[in-house]
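Good morning, and thank you for the time on today's agenda.

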Amino acid sequence: MNKVVLVTGANSGIGLALCERLLSQDTEGLQLCLACRNMRRAQAARSALLTSHPAAQVALLQMDTSSISSVITAAQEVKLRYNRLDYLYLNAGIMPNPQFDVEAFFKGLFSSNVITMFATGEGILQQKDCVNADGLREVFATNLFGHFLLAVAFSSVMAQIRELEPVLCHAGRTSQLIWTSSSNAHRSAFNLDDIQHQRGTQPYSSSKYASDLLSLALNTHFNKQGLYSSVICPGFVMTNLTFGILPSFPAFLWSLLMPVFWLIRLFTNTFTLTPYNGAEALFWLFKQKPELLDPQAKYHSLTSGLGNNYTQPRKMDIDLETSEALYERLLQLESEVREKLKEKQKESQHAHSPAGPGSS
Ligand SMILES: NC(=O)c1ccc[n+]([C@@H]2O[C@H](COP(=O)([O-])OP(=O)(O)OC[C@H]3O[C@@H](n4cnc5c(N)ncnc54)[C@H](OP(=O)(O)O)[C@@H]3O)[C@@H](O)[C@H]2O)c1
């Protein structure tokens, strides 16, 4: 039976490279579903994949991970379309309005932290976040909360099955959730009392740290039902997301910088640079038995100075207590936003009904 693989943010960068790699390995045994917010770009990605793999089964699903209603609708659509879901790659992500902290960079350059700074971007990247139409912080909603809604979907009644859960967990089979996290996920950027990162300047780092924590909590709650969660770091990859760090930097200057990056790669194997290399750990996890994976490890895509790709687990700076607390807070937020959504829907029905406002 074909394995069903859903990838969010599949129309470019690491997500698209993963799809390409999966199809290169197995064109016929897969049902690939590209979950994207922009259907024009999604269609272009699908056409590119079908050009190199004409026999592949590649479907599209409209989903904006930052929008609660879009995620809920998409999750319902998945349930209707597929009777199983083997892999759910939670890969879509944004780092809006990134600002390069030049002062922190030069300080870091002459400190003992220089390799870590280059390898993880620690301390040198800040972002300007905003509030979205659902009243949530955009980075939190896109990178974490939408994916949380998609993957977990619990009700307040314990263990009552919602959204994707019935499709993901089924007797005798395992399913995998795989988060594209980052080495820029730092405990220092995360605050349990401010999970949306409303008060800080590093929402990206906070959201990625939260995904590391959440993955651990999901394992605690769902392993018994055959659902496993893992996190990866793709390394430093040249994609739209990284180009956005210096938006006024012309493309040809990035190309000129490539030899410098290759040189840096001699000192740090985290400079994977191409989406193909960056997708290494995502691809590697596809081939693993999830029961044998370490829930406290982040699986890193690495590329050696000679250009060889490999995956390496590294212990994450996370703990069960915080992961559980985050999980509880996300559940709480979920019930709040669902309640709000219901009220909104009622209001709009009322406004459009013949007996609505103005009809009396
Ligand atoms: N590049 C790196 O060095 C690096 C390092 C660490 C982690 N990562 C992570 O890798 C993942 C993939 O990023 P990338 O580097 O491949 O960058 P990318 O090419 O910009 O890909 C990001 C993908 O996410 C999609 N996306 C963004 N917001 C979305 C939303 N609200 N709903 C649905 N899809 C949305 C984008 O779709 P659109 O085309 O519509 O924008 C795009 O397909 C991200 O989670 C990122 O945080 C990247």
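Let me begin with a term: the axes I shall refer to are lines fitted to C-alpha atoms, for helices over the stretch in contact, and the angles run from 0 to 180 degrees between N-to-C directions. Please also keep in mind that this is a predicted model.

Two packed helices are described by the angle between their axes and the distance between the axes. Here, helix α8, residues 203–222, packs with helix α13, residues 320–352, at an angle of about 95 degrees, and their axes are 8 Å apart. Angles of 65 to 115 degrees count as roughly perpendicular, and α8 and α13 are therefore roughly perpendicular to each other. On the α8 side, the contact is made by Ala210, Leu213, Leu214, Leu216 and Ala217. On the α13 side, Leu320, Thr322, Ser323, Glu324, Leu326, Tyr327 and Leu330 take part. By class, the residues of this contact divide into nine nonpolar, two polar and one charged.

I turn now to the ligand. Which residues are closest to the ligand? They are Gly9, Gly13, Gly93, Thr239 and Leu241, out of 30 residues that surround it. The shell divides into ten nonpolar, 17 polar and three charged residues. Two helices, α1 (13–25) and α9 (240–243), each supply at least two residues of that shell.

The buried residues of α1 include Gly13, Ile14, Gly15 and Leu16. Gly13 is also one of the residues closest to the ligand.

Next, the loop between β7 (175–180) and α8, where serine 181 lies. Is serine 181 buried or exposed? Serine 181 has 27 other C-beta atoms within 10 Å and is therefore buried. Leaving out residues up to four places away in sequence, serine 181 touches Lys208, Ser211, Asp212, Val231, Ile232, Cys233 and Lys298.

With 24 C-beta neighbours inside 10 Å, histidine 197 counts as buried. Glycine 200 is likewise in the loop between β7 and α8, but it counts as partly exposed, with 17 C-beta neighbours inside 10 Å. Glycine 200 touches Ala189 and Ser206, not counting residues up to four places away in sequence. Glycine 200 and aspartate 129 are 71 residues apart in sequence, yet 9.4 Å apart in space, C-alpha to C-alpha.

A word on backbone angles. Most residues other than glycine have a negative phi. Histidine 197, however, has a positive phi of about 60 degrees. Asparagine 97 also has a positive phi, near 40 degrees. Asparagine 97 is in the loop between β4 (87–90) and β5 (98–100), and with 12 C-beta neighbours inside 10 Å it counts as exposed.

Finally, proline 295 is found in the loop between α12 (280–286) and β9 (297–303). Proline 295 counts as buried, having 20 C-beta neighbours inside 10 Å. Beyond its neighbours within four places in sequence, proline 295 is in contact with Leu216 and Asn219. Leu216 also belongs to the contact of α8 with α13. The C-alpha atoms of proline 295 and serine 230 are separated by 6.4 Å, although the two residues are 65 apart along the chain.

Note on methods: Residues are numbered from 1 along each chain as its sequence is written. This is a predicted model: local features need pLDDT of at least 70, side-chain atom pairs count only at pLDDT 80 or more; totals for chains, interfaces and linings use all residues. A residue is near a molecule or strand if its C-beta atom, placed from the backbone, lies within 6 Å of it. Helices (H or I, at least four residues) and strands (E, at least two) are DSSP runs, numbered from the N terminus. Ala, Val, Leu, Ile, Met, Phe, Trp, Tyr, Cys and Pro count as nonpolar, Asp, Glu, Lys and Arg as charged, and the others, Gly among them, as polar. Angles under 35 degrees count as roughly parallel, over 145 as roughly antiparallel, 65 to 115 as roughly perpendicular and the rest as oblique. Two residues are in contact if their C-beta atoms, placed from the backbone, lie within 7 Å.
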